[in-house]
Amino acid sequence: MDEIKKEPINWGQEIWEFVKMLLISIVVVFLCTRFLIRPVRVDGDSMYPTLHNNAIGFSNILTYRMQGLKRFDVAIIYVPEKKEHLVKRVIGLPGETVEYRQDQLLINGEIVEEDFFDEDYKRSQSTNGIFTQDFGPVTLAEDEYFMLGDNRPYSSDSRWYGPFKKEQIKAKDVVVLFPFQQIGVH
């Protein structure tokens, strides 16, 4: 009967292989989160019912850099004074004048329909028939965006922080992975 001969474990080689795999993983994660996708955790109800509190997913850096933003995109914004990221919807684009009058969005004085709203939720949260309080007009500079949360009565957004600069915007769209009943692109 032949004996199976066991080779002694070369601990130096095993440790080197582990360190090499760990370094490659760190580089891949760094490159992906720097240039392709950004992890997202929704904190609060400002985007409800589109995005729920504590939803987890990722946003798209590459698409944002290649295509930019258009009205009603969902964007990830960095707020340096709070050292945190916010998730909001693009309402006003650079150079536009944004205002709300009698629950109507006006861009450069023209009414713009916001057809992304859940109308039942909007009605249930309205006070005296008003979901979004009057504000403005606010004229945006060539590098500014006006962002609002979908849950207008409960959102700290451009009405609170003022317009967001282009360099504060980090990604767009949110792909929700958890909770499972919300999986999808928002």
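This is a predicted model: local features need pLDDT of at least 70, side-chain atom pairs count only at pLDDT 80 or more; totals for chains, interfaces and linings use all residues.

Biologist: Let's start with pockets. What does rolling a probe over the atoms show?

Modeller: A probe the size of a water molecule, rolled over the atoms, shows where empty space is left. In this structure, the largest pocket has a volume of about 390 Å³.

Biologist: How many residues line the largest pocket, and which lie nearest its centre?

Modeller: The lining has 21 residues, and the ones nearest the centre are Asp43, Glu84, His85, Leu86 and Val87. By class, the lining of the largest pocket splits into 9 nonpolar, 5 polar and 7 charged residues.

Biologist: Which strand gives the largest share of that lining?

Modeller: That's S4, with 5 residues. Strand S1 (37-41) and strand S4 (84-92) each supply at least two residues of the lining.

Biologist: Now the surface. Which residues make the nonpolar surface patch?

Modeller: There are Ile9, Trp11, Ile15, Trp16, Phe18, Val19, Met21, Leu22, Leu23 and Ile26, and together they make a patch of about 1,100 Å². Ile9 sits in the segment before helix H1 (11-35), while Trp11 is in helix H1.

Biologist: Is Ile9 buried or exposed?

Modeller: The idea is to look at relative accessible area: under 20% is buried, over 50% is exposed, and in between is partly exposed. Ile9 has 55%, so it counts as exposed. Trp11 is exposed too, because its relative accessibility is 58%.

Biologist: On to salt bridges. What should I look for, and how many are there?

Modeller: Look for a side-chain nitrogen of Lys or Arg within 4 Å of a carboxyl oxygen of Asp or Glu. By that rule, the count here is 14 salt bridges.

Biologist: Which residue does Glu84 pair with?

Modeller: Glu84 pairs with Lys82, and their closest N and O atoms are 3.0 Å apart. Glu84 has a relative accessible area of 27%, so it is partly exposed. Lys82 is partly exposed as well, with 42%.

Biologist: What about the salt bridge between Lys165 and Asp143: which parts does it tie together?

Modeller: Their side chains meet at 3.8 Å, N to O. Lys165 lies in strand S10 (residues 164-165) and Asp143 in the loop between strand S8 (135-139) and strand S9 (144-148), so the pair links parts that are 22 residues apart in sequence. Lys165 is partly exposed at 29% relative accessibility, and Asp143 is partly exposed, also with 29%.

Biologist: Which residues are linked in a network of salt bridges?

Modeller: Those are Lys70, Asp73 and Lys172.

Biologist: Last topic, the backbone. What are phi and peptide bonds like in most cases?

Modeller: Most residues other than glycine have a negative phi, and most peptide bonds are trans. Here, the peptide bond from Gly136 to Pro137 is cis, with omega near 5°. Pro137 lies in strand S8. Another cis peptide bond joins Phe178 and Pro179, with omega about 5°. Pro179 is in the loop between strand S11 (169-178) and strand S12 (184-185).

Biologist: And where is Gln102, with its positive phi?

Modeller: Gln102 is in the loop between strand S5 (97-101) and strand S6 (104-107), and its phi is near 50°. Asp103 lies in the loop between S5 and S6, and has a positive phi of about 65° although it is not a glycine. Compare their accessibility: Gln102 is exposed, with 68%, whereas Asp103 is buried, at 13%.

Note on methods
Residues are numbered from 1 along each chain as its sequence is written. Side-chain values use heavy atoms; hydrogens and water are left out. On a 1 Å grid over the protein atoms alone, a cavity is a set of points where a 1.4 Å probe fits but cannot get out, and a pocket is an open set with protein on both sides within 12 Å along at least five of seven lines; lining residues have an atom within 4 Å of a point. Grid points are joined across faces, edges and corners, and a volume is the space filled by probe spheres set on the points. Helices (H or I, at least four residues) and strands (E, at least two) are DSSP runs, numbered from the N terminus. Ala, Val, Leu, Ile, Met, Phe, Trp, Tyr, Cys and Pro count as nonpolar, Asp, Glu, Lys and Arg as charged, and the others, Gly among them, as polar. Patches are made of residues with over 30% relative accessible area and no salt bridge: like charges are joined within 9 Å, nonpolar side chains (Val, Leu, Ile, Met, Phe, Trp, Tyr) within 5 Å. Accessible areas come from the Shrake-Rupley method with a 1.4 Å probe; for residues, only the protein chains shown count as cover. Buried means under 20% relative accessible area, exposed over 50%, partly exposed in between (1.4 Å probe, protein chains only).
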